[in-house]
Amino acid sequence: MGMDLTLFMVDWERLGAVPVEDRIGLLEDMAWSWGPEEPYDLGRGRADGRLRPPEPAWCAEYSFLTTNGAHMPHVHAGSAWAGMRSLVDASVREPMDTFLNGLVRDAGPAFAGGEGFFPPAADPWYRHVLLACPPEVLPGKARAWERVEPRLEELREPFAAECEGWAGRPESFEAFTALVREWGAVTTTVAGRGWGLVGLP
């Protein structure tokens, strides 16, 4: 069974008011807010890809409609971009790098939680935070997405050359662009709110 990705849109200031060691647990409690005797309602508020709990008003879960919650499609999208990026014109490659790094591609400390906002994983083999994009990062990503979105069709040929038929890559160009568009939607929404993104396994 593969790892999941639970993505939260978070008011960074409100989460930052919680003690560092309690932040991950608080988000996990919100993701799994029903009790052990309560059945999990698979349909709870996910029609538009978002789950917005009534409380707290400073945090919401984003559910990717194209992945069923699995983490591997995001890894495959990052792998696809890594494979095709050298075939893409710099005017698309540079904003796409800005947009995807730290979301579906590991970009170092910002991807892993960055500068002590979350506690370091006690076990180096288990990452407690899959990604963390603080609010100051998101406007740049949203601007990069604005530049990339109208030119996504230009990636079709590079995708065909480097990704089609390869294991560990998206099954189709349409699957790749659908997932990237979801990242574009959530990134734009969060940037507009001045919030950040946190992804938990």
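Mentor: Contact here means heavy atoms within 4.5 Å. The model before you is predicted, with local features needing pLDDT of at least 70, side-chain atom pairs counting only at pLDDT 80 or more, and totals for chains, interfaces and linings using all residues.

Trainee: Among contacts between residues at least 6 apart in sequence, what percentage join residues at least 24 apart?

Mentor: The protein chain holds 8 helices and 5 strands (DSSP runs, H or I of at least four residues and E of at least two, numbered from the N terminus). Among its contacts between residues at least 6 apart in sequence, the share that joins residues at least 24 apart is 73%.

Trainee: Which helices do the buried residues of α4 pack against?

Mentor: Helix α4 covers residues 90-100, and its buried residues (under 20% relative accessible area with a 1.4 Å probe, protein chains only) include Met96 and Phe99. The buried residues of α4 pack against α3 (72-84), α6 (138-148) and α8 (173-193).

Trainee: How is α3 placed relative to α8, roughly parallel or roughly perpendicular?

Mentor: In the contact between these helices, Pro73, His74, Ala77, Ala80 and Met84 of α3 meet Phe176, Leu179 and Trp183 of α8. The axes, lines fitted to C-alpha atoms over the stretch in contact, with angles from 0 to 180 degrees between N-to-C directions, come within 10 Å and cross at roughly 105 degrees. As roughly perpendicular covers 65 to 115 degrees, α3 and α8 are therefore roughly perpendicular.

Key
Residues numbered from 1 in each chain as written. Heavy atoms only, no water. Buried < 20%, exposed > 50% of the residue type's maximum accessible area, 1.4 Å probe, protein only. Parallel < 35°, antiparallel > 145°, perpendicular 65-115°, else oblique.
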